[in-house]
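Reader: I have a protein model open and would like to talk through its architecture. Could we begin with the sheets?

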Amino acid sequence: MSEWREAASREALDQDIADYIGRALAAGIDTRGHASLAVSGGSTPRGFFRRLSDFPLDWSRVTITLVDDRWVPPDHPDSNERMARENLLQGPASAAQFIGLKTGHEDPRDGLAEASARLGAITLPFTLTVLGMGGDGHTASWFPQASNLEQLLDPTGTELLGVCDPVTAPHLRMTLTLAAVLNSREILLHIVGEDKRRVLADAVSHGYPVARATEQTTTPISIWWAP
């Protein structure tokens, strides 16, 4: 079951998340010599990215990758890689190793092997995986209308990555599978606003993909929310 944490404001939540993740990465470095972090895109994590980038730790021992990304060039305004580079991989955190998901292939299906090989440089499990959630109940790029949704959400699957056509949103996506997300020491779901809280409350009854993460019992998960 998931653990609920909340803050009085989004700014306070950003700081709480940054401090929590920073301590988790530092603990991973202390115990295993390295740490890894998978992060989501969109606008919600931008604030905690900026705060986390200044956290005092040996960032050269941290590897950062993306939970998912739109199949656009890394300098495109819709690119999660661009957002991470501009907000997280700054200051002290610029010393971290970053592994992007976008390859030079026109079709993301043709880039799966290359992107998966890149992720092979990370010793699993991830130290921490950070998820977000859309208003339709998707997380990562597990969109409700995707034709291959059940394949992406197979907890026993062997693939780290899959391709998703969201149908209801622009751009094909490359995304971690549920099996890959569960191969984390812990998962953090970051949401803000009353609308998202209501969507999450209805996730199980409506069969939203995010419920596959929040209701599983394999990997500890905490939900972080602010109004």
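Author: Let us begin with a term: two strands count as paired if DSSP finds at least two bridges between them. Please keep in mind that this is a predicted model.

Reader: Which strands form the open sheet with parallel pairing, and in what order?

Author: That sheet has 7 strands in the order β1-β10-β9-β6-β2-β3-β5. Its edge strands are β1, residues 3-6, and β5, residues 97-99, each of which pairs on one side only. Neighbouring strands in this sheet are turned against each other by 20° on average, with direction ignored.

Reader: How many bridges join β2 to β6?

Author: There are 2 bridges between strand β2, residues 35-39, and β6, and the two strands run parallel. Leu-37 has Leu-128 in β6 as its bridge partner.

Reader: What holds strands together in general?

Author: Strands of a sheet pair through backbone hydrogen bonds, in either a parallel or an antiparallel manner.

Reader: Which strands does helix α7 lie across?

Author: Helix α7, residues 194-201, lies across β1, β9 and β10. Relative to β9, helix α7 runs at about 130°.

Reader: And what is the strand order in the open sheet with antiparallel pairing?

Author: The order is β4-β8-β7, which makes an open sheet of 3 strands. β4 and β7 are at the edges with a single partner strand each, so one side of each has no neighbour in the sheet.

Reader: How many bridges join β4 to β8?

Author: β4 is joined to β8, residues 173-176, by 3 bridges, and these strands run antiparallel.

Reader: Where does α4 lie?

Author: α4 lies across β7 and β8, and its direction is at about 150° to β7.

Reader: Stepping back, how many helices and strands are there in the protein?

Author: The protein has 9 helices and 10 strands. Its radius of gyration is 16 Å, close to the 17 Å that the globule rule gives for 227 residues, so the protein is as compact as a globular protein of that length. The C-alpha trace spans about 45 × 40 × 35 Å along the principal axes.

Reader: New topic: how much space lies in the largest pocket?

Author: The largest pocket holds about 370 Å³ of space. It is lined by 26 residues, and those closest to its centre are Gly-41, Gly-42, Gly-132, Met-133 and His-138. The elements giving two or more residues to this lining are α2 (46-52), β4 (68-70), β6 (128-131) and β9 (187-192).

Reader: Which element gives the largest share of that lining?

Author: That is β9, with 3 residues. By class, the lining of the largest pocket consists of 11 nonpolar, 11 polar and 4 charged residues.

Reader: And what volume does the second largest pocket have?

Author: Its volume is about 290 Å³. The second largest pocket has 18 lining residues, and Asn-148, Gln-151, Leu-152, Gly-162 and Val-163 lie nearest its centre. At least two residues of this lining come from each of α4 (108-119), α5 (149-152) and β7 (161-164).

Reader: One last topic, the backbone. Which peptide bond is cis?

Author: The bond from Leu-124 to Pro-125 is cis, with omega near 10°. Pro-125 is placed in the loop between α4 and β6.

Reader: What is phi for Ala-140?

Author: Phi of Ala-140 is near 50°, a positive value in a residue other than glycine. Ala-140 is in the loop between β6 and α5. As background, most residues other than glycine have a negative phi, and most peptide bonds are trans.

Notes: Residues are numbered from 1 along each chain as its sequence is written. This is a predicted model: local features need pLDDT of at least 70, side-chain atom pairs count only at pLDDT 80 or more; totals for chains, interfaces and linings use all residues. Side-chain values use heavy atoms; hydrogens and water are left out. On a 1 Å grid over the protein atoms alone, a cavity is a set of points where a 1.4 Å probe fits but cannot get out, and a pocket is an open set with protein on both sides within 12 Å along at least five of seven lines; lining residues have an atom within 4 Å of a point. Grid points are joined across faces, edges and corners, and a volume is the space filled by probe spheres set on the points. Helices (H or I, at least four residues) and strands (E, at least two) are DSSP runs, numbered from the N terminus. Ala, Val, Leu, Ile, Met, Phe, Trp, Tyr, Cys and Pro count as nonpolar, Asp, Glu, Lys and Arg as charged, and the others, Gly among them, as polar. Contact means heavy atoms within 4.5 Å. Axes are lines fitted to C-alpha atoms, for helices over the stretch in contact, and angles run from 0 to 180 degrees between N-to-C directions. The radius of gyration is taken over C-alpha atoms; the globule rule is 2.2 Å times the number of residues to the power 0.38.
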